[in-house]
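Biologist: Could you take me closely through one part of this model, the sheet and what packs on it, and spell out the cut-offs behind your terms as you go?

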Amino acid sequence: MTHKTSFPKNKIRVLLLEGPHPEGVARLREETFDVSVHKGAMSEAELADAIRDVHVLGVRSKTRVTREAIERGKRLLAIGAFCIGTNQVDLETAMLHGIPVYNAPYSNTRSVAELVVADIIMLFRGLYDKVRDAHAGVWVKSAAGSVEVRGKTLGIVGYGHIGTQVSVLAEALGMRVIFCDIVDKLPMGNAVPTVDLRDCLERADVVTLHVPGAPDTENLLGAREIGWMKDGAFLINASRGSVVDVDALRAALESGKLGGAALDVFPEEPRSDEERFTTPLQHMPNVVLTPHIGGSTVEAQRNIGLEVAGKLIRYVNNGSTVGAVNFPAVVLPELAGHHRVLHVHENVPGVLQKVNALFGERGINVAAQYLRTHERLGYLIMDIDKTATREILKELRAFPETIRVRALF
Ligand SMILES: NC(=O)c1ccc[n+]([C@@H]2O[C@H](COP(=O)([O-])OP(=O)(O)OC[C@H]3O[C@@H](n4cnc5c(N)ncnc54)[C@H](O)[C@@H]3O)[C@@H](O)[C@H]2O)c1
């Protein structure tokens, strides 16, 4: 399937669903793209209809972008998922049609880290119980069991984007930080790596989990691992619900093995605010439960809007695919003094040779050439002399391996 996509910016039609952050919308409008915003999500049938003339589609988590919708979007150049995950988009179909899909995976990193810091202080001071009692008119003015976090040891399991941010913030509070990860990580500040998970759990006064949700992290903290933790220690999980065995955690809290826990994520979470939430950890002392709001801040929403808008703009304007979840990643310089041909093709042997032979036969000078491939797709970019572009586009479109060709003038 090929498309002609070289035309003025104000003819680029952008359809944004589910109201992405206004600053992201404004960024796209500044480019003079023709932007329409639809507040809510769309059903599959509505989207299949609305997508026909759209060049750039933006969704959040509620609109499903199915194969049917993508195939109807004959002019579709790129899709922006204005959120963290991309499960709602058929990534493979998009890839096979030469359509990169962008998201903003780390826009809420800092927000999660801040919630974890709040959780740490709440647990060490028994704040949840005190707040609940004060609301109920019960006055418990006591220092018993209430300690400062300064000088205590925080164990971070999973030292990635969020884990490292927590590390920096915790050190600023005067905590000692130890961490474990399955790959070697550069410690931030004075943080110290542990030998393994057990070593980390045995030494920490509070443990916070920041690993991905994956088969090998399922129940990473079960009865055995909780048993390795210090008596009276605290556990925080703001990663994925599957990482902690909540029944084992409840048992450890009931027996007094653990002094408290804070959880933002659960094995079973309501799909909407209307659904009732239940967990075996409800109504337990010094247990802080939050409704998966670690990344839910105004700043994170704004970051998502600006990050995804920026990635879409870069792709439309210069062909860069860095940050696309389903596409070979190419960083491209600004286009100056040439035309740029963007050629998405099936990753089969001999395409580059054929393209170069074509340019050779036509006597076209290629000023710069970039190629990135992944399993099924090749993305070839050529900056060429301005005179020959239209003719070349026509010939490239005729190659059987060509999925899509676009030129930037
Ligand atoms: N609560 C929320 O609202 C919220 C928001 C954003 C992200 N998250 C979750 O937070 C988690 C961490 O996100 P991130 O952006 O820091 O991810 P990341 O990929 O940057 O970091 C994860 C780290 O965990 C390490 N790791 C993987 N398996 C491990 C194991 N078995 N033991 C120790 N380390 C292991 C990886 O090597 C990596 O360094 C993810 O599960 C993500 O879904 C939650």
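Modeller: Strand 4, residues 78-81, pairs with strand 5 in the parallel sense over 2 bridges, where pairing requires that DSSP find at least two bridges between the strands, and where a strand is a DSSP run of E with at least two residues, numbered from the N terminus. Within this pairing, G80 has Y102 of strand 5 as its bridge partner. This is a predicted model, in which local features need pLDDT of at least 70 and side-chain atom pairs count only at pLDDT 80 or more, while totals for chains, interfaces and linings use all residues. Residues are numbered from 1 along each chain as its sequence is written, and side-chain values use heavy atoms, with hydrogens and water left out.

The whole arrangement is an open sheet of 5 strands, parallel in its pairing, with the order 2-1-3-4-5. Strand 2 (34-38) and strand 5 (101-102) are at the edges and have a single partner strand each, so one side of each lacks a neighbour in the sheet.

Helix 1, residues 22-30, packs on the sheet by touching strand 1 (13-17) and strand 2, a helix being a DSSP run of H or I with at least four residues and contact meaning heavy atoms within 4.5 Å. The direction of helix 1 makes about 155° with that of strand 2, the axes being lines fitted to C-alpha atoms, for helices over the stretch in contact, with angles from 0 to 180 degrees between N-to-C directions. Helix 11, residues 298-318, also packs on the sheet, where it touches strand 3 (56-59), strand 4 and strand 5, and its direction makes about 170° with that of strand 4.
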